[in-house]
Amino acid sequence: MTDSTAGGDVRLTGISKTYGSFTAVHPLELTVPQGSFFALLGASGCGKTTTLRMIAGLEEPTTGTVFLGDKDVTDLPPYKRPVNTVFQSYALFPHLNVTENIAFGLRRRGIKSVQKQVDDMLELVQLGDFAQRKPHQLSGGQQQRVAVARALINHPQVLLLDEPLGALDLKLRRQMQLELKRIQTEVGITFVHVTHDQEEAMTMADTVAVMSGGRVEQLGAPAELYENPKTTFVANFLGTSNLIEAEVAERSGEDLVVTAGGAKLRLPGGRCSAPTASGGKLLVGVRPEKISLAHRDDEGAIADGRNRVTGRIVDSSFIGVSTQYLVDSPAGSGLSVYEQNIERDTRLVPGAEVVLHWNPAHTFGLDAAQAKDAGVEKVEDAA
Amino acid sequence: MSLMPILKWLRRNFVVIAGLATLAYLILPNVVVMVFSFNKPNGRFNYSWTRFSTDAWKDPCGVADMCGSLSLSLQIAFWATIGATVLGTMIAFALVRYRFRARGAINSLIFLPMAMPEVVMAASLLTLFLNMGAQLGFWTILIAHIMFCLSFVVTAVKARVMSMDPRLEEAARDLYAGPVQTFLRVTLPIASPGIAAGALLAFALSFDDFIITNFNAGSTVTFPMFVWGSAQRGTPVQINVIGTAMFIVAVVVVTAGQFIANRRKNSAKA
């Protein structure tokens, strides 16, 4: 399996999957550039794993084509695709030891001398001392690394990872995130990583595709997705957003001026993904950490040109690095504000009248026709 | 000497005593079989201890027709095991892996031979064979044995297949193993303890069976039938020799199996 570097992209064109009357994945266009670390992010049941399995060949697409480089592999069975998978539960063969698990792919392709390559892999995943163990004698993190080694030894064009860190505890997960990122950089193989953990996706991936209801909501670099979400789902699923219902008042130069609960807010026209005709409704978004909080008495000290919204603190919780406030205002109730604990203003307690102010450049605009709370984590899901 | 210390000792060792008593209950009949294989009875019946002798061990086939019936029983048990294991394994996989019409009905029908009184089934089978004009003998016995062994194999294999992660086979396919390789390298090795358990059960059941065999054997005589028949006229010591030999073989096989499993575990740890 020589690496055909030219055009090793994964391209999905018009790919979809339906089970009876249920559509798991709507027709989808997706290109994963060669050598990138690509994450498919979404809540459970959003179609991300189905998409991954269609690339692996474990699931047959209802429509569409899967390309690896220039080659159409749609009709190839999984064992004929230069693609390997790290499964969610690792799926290590319980009757084989670590060495034989890792050598499995090479042996099936008729390669006789595997020891050297297996040793190299064991070293890459730092499991040299465990070569003779059976999978059930390893910890979760070690099993996970065996699963990665077993896939990588085949030098696949693409490595598919299906929630590979889901079964690990938080601390180990952080450690393995860095480990996987290191391995990816070292071997330079394209990784497609499926996860429901937005932090994991943002830490590891170069490009993230946020999926919801069998569709890709938005695709981009983590910072781009976070700073400039195009839908309420992305705004809420990646971190927290304050979404304020507003009405377009006018355009002034590059900026858009909107009114919300009596306040005039400005936002860059280029950061608005909604129609901007005067009188039109839209949702104005701003991240909680971009907002500064001032007591109403200090309103005069706020610099000109900043967006401001008045309100009253209803709740505050001390987190350590920051304090999180919930503020009710005429523009919207339950606005979140994260204040760094640098100089704490003792007047900022529940009941205090405050002004929220932020740089208009940090404001984004969304189409008001969508559900405002799409992608908000339900209480039972919250970690 | 007071009673209290004895009671105390009894209470402390109650589990061990109960365990040993149960074990004795299980093993005593086998011990009797073994001991009486070294007997030299007066007359034709081997029911009372006379004196020690190894005559029967030196000449195990000394009784007319006995070794012939033994060899027939072993052959039937062998083929019945193969037949029931192959069919039963396939049925078990089909029942666990696939959703098809009447799956539930087949799932319960499979247990019918276990639930049906053996005598009734034996008589019914004979009726069936006679109506079909079948020649009673080796083949009718074999067909009957495969039939009643099947349910046991299916039960044993099904339990194993149900606990198997289907992702393992997906992983094999993902790692360049075609359908045949996946089955031989992953599915079969993982299911093998269940299949082996089913096969052992089938062998034991078939070798042992008297009622169904007796009805459907025609003039053919299997080992259990021979023992039954000879018990009316006198029991040769050689029957105990064969019984003891079978027992020893079984114990050796089980011990060896456990020894190998243990060694594998230890070598994996080292």
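The C-alpha centres of domain 1 and domain 2 of chain B are 28 Å apart. The model is predicted.

**Domains**

In chain B, domain 1 is made of two segments, 1–62 and 236–270, while domain 2 covers 64–234. Where domain 1 of chain B meets domain 2 of chain B, seven residues of domain 1 are in contact with seven residues of domain 2. The domain 1 side of this contact in chain B consists of five nonpolar residues, one polar residue and one charged residue.

Chain A is also assigned a domain 1, at 10–227, and a domain 2, at 241–367. Taken over C-alpha atoms, the centres of domain 1 of chain A and domain 2 of chain A are separated by 40 Å.

**Strand pairing in chain A**

An open sheet in chain A is formed by five strands with antiparallel pairing, in the order S15-S19-S16-S17-S18. At its edges are strand S15 (292–295) and strand S18 (332–340) of chain A, each of which pairs on one side only. From one strand to the next, the twist averages 45°.

Within this order, S19 and S16 of chain A are neighbours. Strand S16 and strand S19 of chain A are joined by six bridges in the antiparallel sense, and Thr310(A) stands opposite Val355(A) in S19(A).

Strands S12 and S13 of chain A also run antiparallel and are joined by six bridges. Here Val257(A) is placed opposite Arg266(A) in S13(A). The two strands S12(A) and S13(A) make a hairpin with two residues between them. In the turn, Gly261(A) has a positive phi of about 55°.

The two pairs are set out below.

| Strand pair (chain A) | Residues | Bridges | Sense |
|---|---|---|---|
| S16 and S19 | 307–318 and 353–358 | six bridges | antiparallel |
| S12 and S13 | 255–260 and 263–268 | six bridges | antiparallel |

Strands of a sheet pair through backbone hydrogen bonds, in either a parallel or an antiparallel arrangement.

**Contact between chain A and chain B**

Chain A contributes 21 residues to the contact and chain B contributes 17 residues. On the side of chain A that touches chain B, strand S6 (83–86) and helix H2 (98–108) of chain A each supply at least two residues. Which element gives the most to this side of chain A? H2(A) does, with three residues. By class, the residues on the side of chain A that touches chain B are nine nonpolar, eight polar and four charged.

How values were computed:
Residues numbered from 1 in each chain as written. Chains lettered and ligands numbered in written order. Predicted model: local features only at pLDDT ≥ 70, side-chain atom pairs only at ≥ 80, totals over all residues. Domains from an automatic or database assignment. Contact = placed C-beta atoms within 7 Å. Nonpolar A, V, L, I, M, F, W, Y, C, P; charged D, E, K, R; others polar. Pairing = 2+ DSSP bridges. Helix = DSSP H or I, 4+ residues; strand = E, 2+ residues; numbered from the N terminus. Axes fitted to C-alpha atoms, helices over the stretch in contact; angles between N-to-C directions.
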